[in-house]
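Please walk me through the aromatic residues of this protein and one of its helices. I would like the cut-offs stated along the way.

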Amino acid sequence: MPPKRKAATMSSEVLVPKKVKVQKRKQEVHKANKEKETRQTWFDRYADPDTRDVISPDGCQQFFTDLGVDLESVVPLVVGWKINSKRMGYMTQQEFMQAMATYNITTPDEFKKLLKAWEISLDDPDQFRQLYLFSFNHVKSSGQKSMDVETAIALWNLLLTPKYPIIHSFIQFLQEKKPVKVINKDQWSSLLDFCKAVPEDLSQYDCTSS
């Protein structure tokens, strides 16, 4: 019978890297937990006192005010778009926590920097179009397929007027002639394409083109 081999023993050189990996993993978990706690504390500061898993309109107003955001600007709408908020004026705990984790944000100062980057990104036509299309479902009343004209006009003034001055004429037409009371999703989408295709003075517009 051949002699038994001695059981192999791991050298300290092999064990050390494993210990380092375990320690590093513990540190990462600890950091992630601390960041989650920080985000939760941030969320709780604005959460509705009666429904703690959502920030309601009053809380959202204070949230943006504390960030130095003009409530009449496009920024609140951009935030709703970026965190995939389902309802204007509300942020659920899941939406808030998931978005802040995705963007690696734990403090208001970090978020302020991100807001500036988001605003700049709207110069990209594709990004702007995504925001514009998102805003229809985000702002219209829940359960409705259309948006009332007054709300649509307010949004157009916010989103389209700075980029496409021709929208002034269209809004004036709606207000004076009152041809419709609501705007549906197809009309909402088509207006952006119209604004991009038609110059303000109509000098280069081909009315025969499709």
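Predicted model: local features only at pLDDT ≥ 70, side-chain atom pairs only at ≥ 80, totals over all residues.

Residues are numbered from 1 along each chain as its sequence is written, and side-chain values use heavy atoms, with hydrogens and water left out.

Rings of Phe, Tyr and Trp (its six-membered ring) pair if their centres lie within 6.5 Å; planes under 30 degrees apart count as stacked, over 60 as edge-to-face and the rest as tilted. The count by this rule is 14 aromatic pairs. One of them joins phenylalanine 111 to tryptophan 118, edge-to-face, with 5.8 Å centre to centre and 90 degrees between the planes. Buried means under 20% relative accessible area, exposed over 50%, and partly exposed in between (1.4 Å probe, protein chains only). Phenylalanine 111, at 1%, is buried, and tryptophan 118 is buried at 5%.

Tryptophan 156 and phenylalanine 170 also form an edge-to-face pair, 5.7 Å centre to centre with 65 degrees between the planes. Helices are DSSP runs (H or I, at least four residues), numbered from the N terminus. The pair links distant parts of the chain, with tryptophan 156 in helix H7 (residues 149-159) and phenylalanine 170 in helix H8 (residues 167-177), 14 residues apart. Tryptophan 156 is buried at 1%, whereas phenylalanine 170 is partly exposed at 26%.

Ring pairs also link a cluster made up of Trp42, Phe43, Tyr46, Phe63, Phe64, Phe96, Tyr103, Phe111 and Trp118.

A charge sits over a ring if NZ of Lys or CZ of Arg is within 6 Å of the ring centre and within 35 degrees of the ring normal. Lysine 82 lies over the face of tryptophan 81, 4.3 Å from the ring centre. The charged end of arginine 87 sits over the ring of tyrosine 90, at 3.9 Å from its centre.

Which residues of H5 are buried? They are Phe111, Leu114, Leu115, Trp118 and Ser121. These residues lie on the same side of H5 because they cover an arc of only 115 degrees around the axis, taken from the directions from the helix axis to the C-beta atoms. The face turned away from that buried side carries the exposed residues Asp109, Lys113, Lys116 and Ile120.

Threonine 106 is in the loop between helix H4 (93-102) and H5. Threonine 106 is buried, at 14% relative accessible area. Leaving out residues up to four places away in sequence, threonine 106 touches Glu35, Thr38, Arg39 and Trp42, where contact means heavy atoms within 4.5 Å.

Terms used. Helix = DSSP H or I, 4+ residues; strand = E, 2+ residues; numbered from the N terminus.
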